[in-house]
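Visitor: Could you walk me through this one while I have it open on the screen? I'd like to go from the overall picture down to a single residue.

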Amino acid sequence: MNSKMTFYILKRIFLAIFTVWVVITVTFFVMHAVPGGPFVGEKATTPAVQAAMEAKYGLDKPVMEQYFTYLKDIVTKFDFGPSLKQRGRMVIDIIFDGMKTSMVLGLIAAGISALFGILLGAVAALRRNKLIDRIIMVITTAFVSMPSFIMGSLLLALFAIELQILPANGSTPAGLILPIVTLALYPMAYITRLTRSSMLDVLGQDYIRTAKAKGVSGRDIIFGHALKNSLIPVITYLGPMLAYIVTGSLVVEQIFAVPGIGRAFVSSITNRDYPMIMGTTIILAALIVIMNLVTDILYKLVDPRITLE
Amino acid sequence: MAKKKFSFHVDLDSFIPASDKDKEYMVQMRPSTTFFRDGVKRLYRNKVAFVSFIVIILITLSSIVIPFFWPYSYETQLGVQPGKAVDASYNNLAPFEYGATEQKLIEQGESVFPHVFGTDAAGRDYFIRVIYGTRVSLAVGFFASVIVLLIGTLVGSISGYFGGKVDLIIMRIVDVIYSLPDMLMVILLSTVLKLTLTPVIEGTFLEAIGANIISLFIVFALLYWVSMSRLIRGQILSLREQEYVLSAQATGAKGKWIIKKHLIPNCISVVIISAALQIPSAIFTESYLSFLGLGVNAPMPSLGSLASDALNGLSSYPYRLVIPALVISLIVLSLNLFGDGLRDAFDPKLNA
C-alpha cells in the first residue's frame, strides 16, 4: 500500500464522516421544521401539560442549542434520546432490538443473492446464447422489473395463502423464509446479469486464450482465471446491494410482520415518533455510507489497475 | 502540349468537361443519413426494443383515452347515491358481477356496462382505477425525469463549461448528495413535506395533485439530479477536447455554432437515454412511497397504492394485487428494454 492509496482512503473516510454529519444535520432540521411539534394531536392535553412535556424533552430550548445537544449526545454517548411513543424506552435500544432480526434477514438474503447470482451468471456466460442462458436472462429481467413490495405480496399470496406451505408471519424462524427470498431475488437477478456480462468480457481476454493455448484444463481456466477476475465488478455492487436490502426491508418487514428495524421505522413514521424517525434514519444512513466506503476501498485494493485520482 | 518537368505549367487535360461516365461518380446513390435517422433505423431493427416501444405506446394511449369514454369514474362509489342508504351490494364485486340495482335493470332488459375487474372494497369500478393508476404512475415517472433532466443538464453544463472553482464546489456538493442514501432521504423528506405542504397548498389547484406527489417531485429535484449532472459534465469536458471542436475553432467558428453543431448533437443521445432510464426508477420510487402511505392522496389511485390496498383483502381477492403488479412490471420492463435499445442504437460507444 503506497502513500497515494493511504491518501485516497483517508479522503474517502473524511467524505464518509462528512456525509454522516450532513445526514444528522439535515434530519434534525428537517424534522424540526414540521409545523405543530410532536405532541400536537395527542389526545386531551392541556397547554400546561404540553409545555411540561416539551420542557421534559428539552423542546422548549432554542433550536440551535437542541441541535448541539443532540449532536453531542450522539458523538459522545451514542444516545439518540428517548422515544416519544414507546414511553420509557430509548431510541437506540429499540433500534438494537430490531437490528438483530433485520441483520439476520439482510445477511442471509445478501449471502443467498451473491451465491446464486454468481453461480447463475457464470453458467449463463459459459453457455452463452444457449437455452439455459436465455431462460436465466428472461427470468432475471423479470425480477429486476418488479418492486420489492409487489414481489413480496405476490410470494405471500402464492406460498402462504394459495398453497399454504409457508407461514405468512415473519416472527418465527420458518416465517423468515419468504421475507429472505423476497429480499434476495432482486439483488440476485442483478448480480447474475453483472457476473454474466463481466465474465463474457473476461473470457474474451488474451490471457484466457494464452491459458487455453498452454493446455490448462477448462475447469482451471474457469475457476483460476475467469471467475476470479470477473468478480471485480460484482464487488462494486456490494454497497448498493446493502442499500437496497436496507430500504427493501422496510416494506418487506411490513408485509410479513417481521419484528425488525424496518417495521419499527415505518410505524414510527405513522406514529410521528420524531426521535425514532431521526435515530433510525441516521443509523441506517450511516450503515449504508460505511458499506459504500468499504466497497470503494475494497475495489481499489482488489484491482490495482484502477487509477486513483 | 508537352509538359516540362518541374515547370509550373498547367496540365490542360485536367480541365476538359467531364464525360457521362465521370458524371456517374457524382450521382448520389442514396441520400446521406443523419445521425438521428441512422439511430432510428438501428432501433427499428432491434425487435425487443421495438416491441417494448409498442407496449409503452399502447399502455400510455389507453391510460389517456379509456377514461374519456368509460362509463365509470375512478372515484365514484357506485353504492353511494345521494339521499339513499349505502348499497353494500356494490362493494367487492367479483369481475363481471353486478350490484343489486344494476341486476334489476338487467332483469328489465336493459344493458349495463360490465365491471371488467369487479369493484373494490368501497364499491369503485376496479378497471378504471387500474387505468387511472397507470396514468398517474406514468405521469409521475415522466415529470420526475423531466425535472431531473432539466436540473441535471443546467448544473452539469454550468460545471463543465465554467470549470475551475465553480466546478470544484459543485462537484463536492454532488459527491455528498451522491453518497446520501437516497431512499431514506426520500422517506424522511416526504414525511416532513407532507406535513408542511398540506396546509400551504390547501385551496389551490396544487391540492388536486396532492402534497405527497409534490413532495416526491421536490425530492427528485433535490436529490436525483446528481448522476445526470455528473454525466453531462463528463460529456462536456470530453467533447470540449475533441479534435473536431478544435478544428471548428481553428476555422473561426463561434461558440454558439460549436455548441449547436457539435456539443448538443453529441451529448443529446446520452442525455435522453439516461432520462428514459430515469422514468422506471421514478415509478419504482412512487410505488414504494405509496406503499408506505406517502404516495398519492386517496381517492386518486396509483399502481403502487392499488397494490398496497390490495394487501388487505389478499386472501379473498388476489387478482386485485396481481393486476396492478403485472401492469407496473410490464411498464418498467418495457421501459428498461426500450432504454437499453435506445442506448445500443444511439450510443454504440457505451456498449462497447
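Visitor: What share of chain B counts as buried?

Guide: In this predicted model, 36% of the 352 residues of chain B count as buried.

Visitor: And what radius of gyration does chain B have, next to a compact globule?

Guide: The radius of gyration of chain B is 29 Å, whereas a compact globule of 352 residues would come out near 20 Å. Taken along the principal axes, the box that the C-alpha atoms of chain B fill is roughly 115 × 55 × 35 Å.

Visitor: How many helices and strands does chain B have?

Guide: Chain B has 14 helices and 0 strands, and of its contacts with a separation of 6 or more, 68% are between residues 24 or more positions apart.

Visitor: Switching to the partner chain, how many residues does each side give to the contact?

Guide: Chain B contributes 32 residues and chain A contributes 37 residues. On the chain B side, the elements giving two or more residues are α6, α7 (182-200), α12 (255-291), α13 (303-310) and α14 (319-346), and the largest share, 8 residues, is that of α7(B).

Visitor: What is that side made of, by class?

Guide: The side of chain B that touches chain A has 22 nonpolar, 9 polar and 1 charged residues.

Visitor: Back inside chain B, at what angle do α5 and α6 pack?

Guide: Helix α5 (residues 126-162) of chain B and helix α6 (residues 164-179) of chain B pack at about 140°, and their axes lie 7 Å apart. Because of that angle, α5(B) is oblique to α6(B), and the crossing of the two helices is left-handed.

Visitor: Which residues meet there?

Guide: From α5(B), Val155(B), Ile158(B), Ser159(B) and Phe162(B) meet Gly164(B), Val166(B), Asp167(B), Ile170(B) and Met171(B) of α6(B). By class, the residues of this contact divide into 6 nonpolar, 2 polar and 1 charged.

Visitor: Let me pick Met171(B) from that list: why is it classed as partly exposed?

Guide: Met171(B), which is found in helix α6 of chain B, is classed as partly exposed because 15 other C-beta atoms lie within 10 Å, and a residue needs 20 or more to count as buried and 12 or fewer to count as exposed.

Visitor: How far is Met171(B) from Gly156(B), going by C-alpha atoms?

Guide: Their C-alpha atoms are separated by 9.3 Å, and Met171(B) and Gly156(B) are 15 residues apart along the chain.

Conventions:
Residues numbered from 1 in each chain as written. Chains lettered and ligands numbered in written order. Predicted model: local features only at pLDDT ≥ 70, side-chain atom pairs only at ≥ 80, totals over all residues. Axes fitted to C-alpha atoms, helices over the stretch in contact; angles between N-to-C directions. Helix = DSSP H or I, 4+ residues; strand = E, 2+ residues; numbered from the N terminus. Parallel < 35°, antiparallel > 145°, perpendicular 65-115°, else oblique. Left-handed = near helix turned anticlockwise from the far one by under 90°. Contact = placed C-beta atoms within 7 Å. Nonpolar A, V, L, I, M, F, W, Y, C, P; charged D, E, K, R; others polar. Rg over C-alpha atoms; globule rule 2.2 N^0.38 Å.
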